[in-house]
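Me: I have just opened this entry and would like a friendly walk through it. Could we take it step by step?

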Amino acid sequence: MDRMKFRKGLIKKDLKKLKKKEWYHQRFDACPNLLYLIGEMELKPEKRKMKGGENTSHIGFFKDDKSDWYIDQADINRISNLFVKRCYHEKNIGKRTMEKWDKDKVSFVKKCKELDNIKLSALPDNKLEELYQDFIGTYFRWVTMSSVIDGFALGTDEIIQKNLKKFLDEKQIIKGQGMIFADLTAPISQSFINDSEISLLKVALTIRKNTKLRKIFIKDDLSEIAEEIKNFPKEYKLLLVHQRNYFWSKNNYIDNHVLIIGYYIKEIKSLLKSNIDLAFQIRRIGKTPQLSEIRKQKLINKLKLPKFLRNLIEISETFTYWQDERKKYTLWATHYGSIFLTEIGKRFGYSLIEMKYMFVPEVLALFSGDGHIVSKKEAKARRSFSFFYHNGPTYEIVAGDAAHEAQKVIFSAGIKKNINDFRGLSASGGKVRGIVKIIKSAHEVNKVNKGDILVAVMTRPDYIMGIKKAAAIVTNEGGVTCHAAIVARELGIPCVIATKIATEVLKNGDLVEVNGNHGVITILKKK
């Protein structure tokens, strides 16, 4: 598979053009290597995508293991409109589209499981390079669908809301439009985060039913529990299976956490010491998608939604599932990709974090000596602050002053700060008041206290511990299938997405009211 090529001077050549574009902003805990795995494939044209279904460019800023990532809004609009046009006369568009990538998902899962049985350190350089390319290629073939999913998810939320509002206004249904929108766009499939939670709750419930083992979990310290549980084969096996299935679940685009048995023992100990009805929680979480589907279908039938809106909702449902699948296997890619980078780094004198600041073509250049070779000094500079531009088959990344200058040129216009209220899309209903906590990274979620309003550019699965304590979620970006929208509905808390300005207008400590019914955030008292 062809790789993008480094082109010196590309940024300087296109900088004025980049300033004129409208950009969709995302924020991740991320490094160039792992974010690139999705990024390059979004720009790749291929037959399974509709003509024009690929992105044309990306830009991104990297600083201290975080990235502000931007997608050309014109790409999002073009791709979403490809689907919108089909919704007037076609059914099951989402399902038929994503079936084209089914085999590649299966192949990626199979490849990862094969890697579990291979000792990379025992391979000669040529075999290691070959296996790495094979792994990357297998993953690439599946995630080429990313531009299709993101183009629809990020570009159609306002279209659905606008057309639904028009339809409801014509039927003189004015009250509760926000809730209707949230119900019609609610997910009807279980997320991997919820699958993981249900699995852990089931292990905890089994342990709670064993009186002797329950006492050990409540009274003994963690190291003692880790030894004692081995004397209970049934429960220990369940714990091992859970750990094998979900050890990767706290990963992101840079952090490769391998959650060990001790981590889950601590979680279970906390559950057992609480008064949580474990069986009820298992049923509640497990039934949520089914109840959402029933409620949605009743609403569709009651309202007699037109074909166009029904088809848009079908694509939204299908792509919500596929977005979650992509998130799941992205975290797998972080795990296995980091194993490769660790071994390759050892052979060429780089640390893992230095390897993560190289793009895949630059990693491969270490083997061949052909292409851009990243020095340790350059990797360090990229981590400190760098700017990346990817246009078609070429890219350039610059660090330090050049990166700051690019940022200054592209984003010179500021945002008006003296705003008392602002709007976004209602993703989950309800009205609450609380103190703002702005979260820029998964490493900051411990800042969120019970009842706070979690504010972010966007949320990720590794924000979940903070989200569970939040009274509401507000984001700059996101569509009806985004992570914040899905989790907020599952937890039953208000959520307003796509405000564009929340993290710029709000400050930590502000008192705000979040009206998820109407998509309005009101600043009651500034810090």
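Me: How many strands form the open sheet, and in what order?
Reply: Happy to start there, with the note that this is a predicted model. The pairing in the open sheet is mixed. From one strand to the next, the twist averages 30°. Eight strands take part, in the order E7-E14-E13-E9-E10-E11-E12-E8.

Me: Which strands are the edge strands of that sheet?
Reply: An edge strand here pairs on one side only.

Me: Which residue in E14 does Phe-422 stand opposite?
Reply: Strand E14 covers residues 520-525 and runs antiparallel to E7. Three bridges join the two strands. Opposite Phe-422 stands Ile-521.

Me: Let's turn to charges. How many salt bridges does the count come to?
Reply: Side chains of opposite charge can pair when their charged atoms come close. The cut-off used here is a Lys or Arg side-chain nitrogen within 4 Å of a carboxyl oxygen of Asp or Glu. Some of these contacts are linked, and one such network joins Lys-13, Asp-14 and Lys-17. By this rule, the count of salt bridges is 29.

Me: How many residues apart are Asp-125 and Arg-347?
Reply: Their side chains meet in a salt bridge, at 2.8 Å from N to O. The pair links distant parts of the chain, with Asp-125 in helix H6 (residues 125-143) and Arg-347 in helix H16 (residues 307-348). Asp-125 is partly exposed at 39%, and Arg-347 is also partly exposed, at 25%.

Me: Which helices does the salt bridge between Glu-362 and Arg-382 tie together?
Reply: The closest N and O atoms of this pair are 2.8 Å apart. Glu-362 is buried, with 1% relative accessibility, and Arg-382 is buried with 1% as well. Glu-362 lies in residues 360-368 and Arg-382 in residues 376-384, so the pair ties together parts that are 20 residues apart in sequence: helices H18 and H19.

Me: Which side chain does the side chain of Ser-223 make a polar contact with?
Reply: Ser-223 is placed in helix H12, residues 222-228. With a relative accessible area of 53%, Ser-223 is exposed. The polar contact spans 3.0 Å, and the partner is Asp-221.

Me: Where is Lys-304, the residue with a positive phi?
Reply: Lys-304 has a phi of about 55° although it is not a glycine. Its relative accessible area of 66% is over 50%, so Lys-304 counts as exposed. Its place is the loop between helix H15 (278-303) and H16.

Me: And what is phi of Lys-500 near?
Reply: Lys-500 sits in the loop between strand E12 (495-497) and helix H23 (502-505). Lys-500 is partly exposed, at 39%. Its phi is positive, in a residue other than glycine, and near 75°.

Me: What is the volume of the second largest pocket?
Reply: The pocket is lined by 28 residues, and those closest to its centre are Glu-197, Glu-267, Leu-271, Met-465 and Lys-468. Helices H10 (192-209), H14 (261-273), H15 and H21 (464-467) each supply at least two residues of the lining. The volume is about 840 Å³.

Me: Last one: which residues lie nearest the centre of the largest cavity?
Reply: The count of cavities of 30 Å³ or more comes to seven, and the largest has a volume of about 340 Å³. Among the elements that give two or more residues to its lining are strand E2 (23-29), helix H7 (146-155) and H16. The lining has 28 residues, and nearest the centre lie Gln-26, Asp-150, Arg-326, Met-458 and Arg-460.

Note on methods
Residues are numbered from 1 along each chain as its sequence is written. This is a predicted model: local features need pLDDT of at least 70, side-chain atom pairs count only at pLDDT 80 or more; totals for chains, interfaces and linings use all residues. Side-chain values use heavy atoms; hydrogens and water are left out. Two strands pair if DSSP finds at least two bridges between them. Helices (H or I, at least four residues) and strands (E, at least two) are DSSP runs, numbered from the N terminus. Axes are lines fitted to C-alpha atoms, for helices over the stretch in contact, and angles run from 0 to 180 degrees between N-to-C directions. Buried means under 20% relative accessible area, exposed over 50%, partly exposed in between (1.4 Å probe, protein chains only). A polar contact is a pair of N or O atoms within 3.5 Å; within protein, one must be able to donate a hydrogen and the other to accept it, and residues adjacent in sequence count only if both atoms are side-chain atoms. On a 1 Å grid over the protein atoms alone, a cavity is a set of points where a 1.4 Å probe fits but cannot get out, and a pocket is an open set with protein on both sides within 12 Å along at least five of seven lines; lining residues have an atom within 4 Å of a point. Grid points are joined across faces, edges and corners, and a volume is the space filled by probe spheres set on the points.
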